[in-house]
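Let's take a walk through a protein structure together.

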Amino acid sequence: MRTLRMGMVGGGPGSFIGRIHRLAAELDGDAELVCGAFSSDAKRSQEAGQAYRLDASRVYASYRQMMEAEKALSADQRMDYVAVVTPNHVHYEPARLALQGGFHVVVDKPLSFSLEEAQSLHEIVKHTGQLLAVTYAYSGYPMVKQARALIAQGAVGTVRKIFIEYTQGWLSTELEKSGHKQASWRTDPTRSGAGGAIGDIGTHAAHLAEYVSGRRITHLNALINTYVPGRRLDDDSSLLLRFDNGATGVLVATQVAAGEENNLVIRVYGEQGGLEWSQLEPNSLIQRSPDKPMQVWRAGSNYLGGAAAANTRTPPGHPEGYLEAFANIYTAFHNAINARSTNGAAAGELDFPGIADGVRGMAFIETALRSAHSSEKWTEFV
Ligand code: NAD
């Protein structure tokens, strides 16, 4: 196995998630950032490249230039894959060029600006055979994987109720008017897409609900609001959900819960008990049963096996969190690339969110908005 070479589009000075991707990709020593087009401004891209300690010849003025230049390098030099960590309206084109140029791709969520773009990327992935991961990072937490495994083993019986809440408070005021970089594009329909909070964090919640429960949402009824006067996209949503096995649920995704941090909580109840996981306490998983005291599963413990153990690096009590969850997605993606280059098999079985999850996320935004504007009680989500 060799160290994989990573490229990046986005992640320039003052940006949020690019640096997280770089740390996550490099955490396990199986990949290294070697090149990037970090900003739409050539000078700022060079500034970022210096901060990342990259060779100036591998820091590009645009992602188009980067794809061409990297393709022209020898196979033992050019990047293996590229992470696209730009605002949503700049996901499709760099991802398309990379896939068609023979590179694997990581794209942050939501996959694209529109459902149409997502479907087009799906076709390109099928056609090129390249791998594509979408960083629904919360599915990388070890205790989320433990919850998924327990439910699949029948530990709570048939699933009946799923509650998922993603509450943030940072957009409680008109932050976008103060020049705040991340607030500015997230509330702009020409850069974020049709969804505000429903796209930014609602997609995380919907993915996690399906990932943990192993069930698919089939219908939804969405109430979508914009609380901050003058804001051009939604900042709050409450949805009723129906799942493919008859289970029902509630999804809340809001960015105006004043004072709240990244408070993501999932609770799943079956006929025989329930599970609860919260990002603010990520190394604990609570299991409730009607006939015995509550149990708390703890990350890093010897009694954990399978995916939870495989996705933990330290013994119990040493906190692992968001960065490591992100890294777990990268490591699975790297393993898939390596499996591809050694025997061409197994890649599909590795546990990271892929193109189908990305397309489903975009369909979720579109369906939720359609439901919010409809007078029908239920809107089908296919
Ligand atoms: P940001 O505004 O902080 O950073 C975006 C970066 O992209 C900036 O450096 C900007 O200069 C650069 N950029 C813009 N246009 C470009 C172009 N044409 N070429 C090269 N670079 C360009 O945004 P962010 O908060 O880091 O979000 C980026 C993406 O990551 C979004 O899609 C967002 O939804 C997603 N995100 C995901 C998570 C998660 O938990 N998975 C968390 C935060 C953000």
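What follows starts at the ligand, moves on to the aromatic rings, and ends with a helix and a strand. Please keep in mind that this is a predicted model.

Begin with the ligand. How many residues surround the ligand? There are 30 of them, and the closest are Gly-12, Asn-88, Asp-108, Lys-109 and Gln-182. Zoom in on some of the contacts. A polar backbone atom of Gly-12 is 2.8 Å from an oxygen atom of the ligand. Asp-108 uses its side chain instead: one of its polar atoms lies 2.8 Å from a nitrogen atom of the ligand. Trp-185 has a side-chain N or O atom that is 3.0 Å from a ligand oxygen. On its own, the ligand has 850 Å² of accessible area, and the protein covers 92% of that.

Where do the surrounding residues come from? Strand E1 (4–10) and the helices H7 (181–186), H9 (197–213) and H11 (322–342) each supply at least two residues of the shell. Helix H7 gives the most, with four residues. Sorted by class, the shell has 13 nonpolar, 12 polar and five charged residues.

Now turn to the aromatic rings. Ring centres must lie within 6.5 Å to count as a pair, and by this rule there are 12 aromatic pairs. Take Tyr-81 and Phe-333 as one of them. Their ring centres are 5.2 Å apart and their planes meet at 85°, so this pair is edge-to-face. Tyr-81 lies in strand E3 (residues 81–85) and Phe-333 in helix H11, so the pair ties together parts that are 252 residues apart in sequence. Both Tyr-81 and Phe-333 are buried.

Phe-163 and Tyr-269 make another edge-to-face pair, because their planes are at 80°, with the ring centres 6.1 Å apart. This pair also links distant parts of the chain: Phe-163 is in strand E6 (residues 159–167) and Tyr-269 in strand E10 (residues 263–270), 106 residues apart.

Arg-148 lies over the face of Tyr-211, 4.2 Å from the ring centre. Likewise, the charged end of Arg-242 sits over the ring of Trp-378, at 5.0 Å from its centre.

Next, look for helix H6 (residues 142–152). Eight of its 11 residues are buried, so the helix is largely enclosed by the rest of the structure. The buried residues are Pro-142, Met-143, Val-144, Lys-145, Gln-146, Ala-147, Leu-150 and Ile-151. After H6 comes Gly-154, which has a positive phi, near 85°.

One last stop is Val-106, found in strand E4 (residues 104–107). Its relative accessible area is 1%, so Val-106 is buried.

Conventions: Residues are numbered from 1 along each chain as its sequence is written. This is a predicted model: local features need pLDDT of at least 70, side-chain atom pairs count only at pLDDT 80 or more; totals for chains, interfaces and linings use all residues. Side-chain values use heavy atoms; hydrogens and water are left out. A residue is near a molecule or strand if one of its heavy atoms lies within 4 Å of it. A polar contact is a pair of N or O atoms within 3.5 Å; within protein, one must be able to donate a hydrogen and the other to accept it, and residues adjacent in sequence count only if both atoms are side-chain atoms. Accessible areas come from the Shrake-Rupley method with a 1.4 Å probe; for residues, only the protein chains shown count as cover. Ala, Val, Leu, Ile, Met, Phe, Trp, Tyr, Cys and Pro count as nonpolar, Asp, Glu, Lys and Arg as charged, and the others, Gly among them, as polar. Rings of Phe, Tyr and Trp (its six-membered ring) pair if their centres lie within 6.5 Å; planes under 30 degrees apart count as stacked, over 60 as edge-to-face and the rest as tilted. Buried means under 20% relative accessible area, exposed over 50%, partly exposed in between (1.4 Å probe, protein chains only). A charge sits over a ring if NZ of Lys or CZ of Arg is within 6 Å of the ring centre and within 35 degrees of the ring normal.
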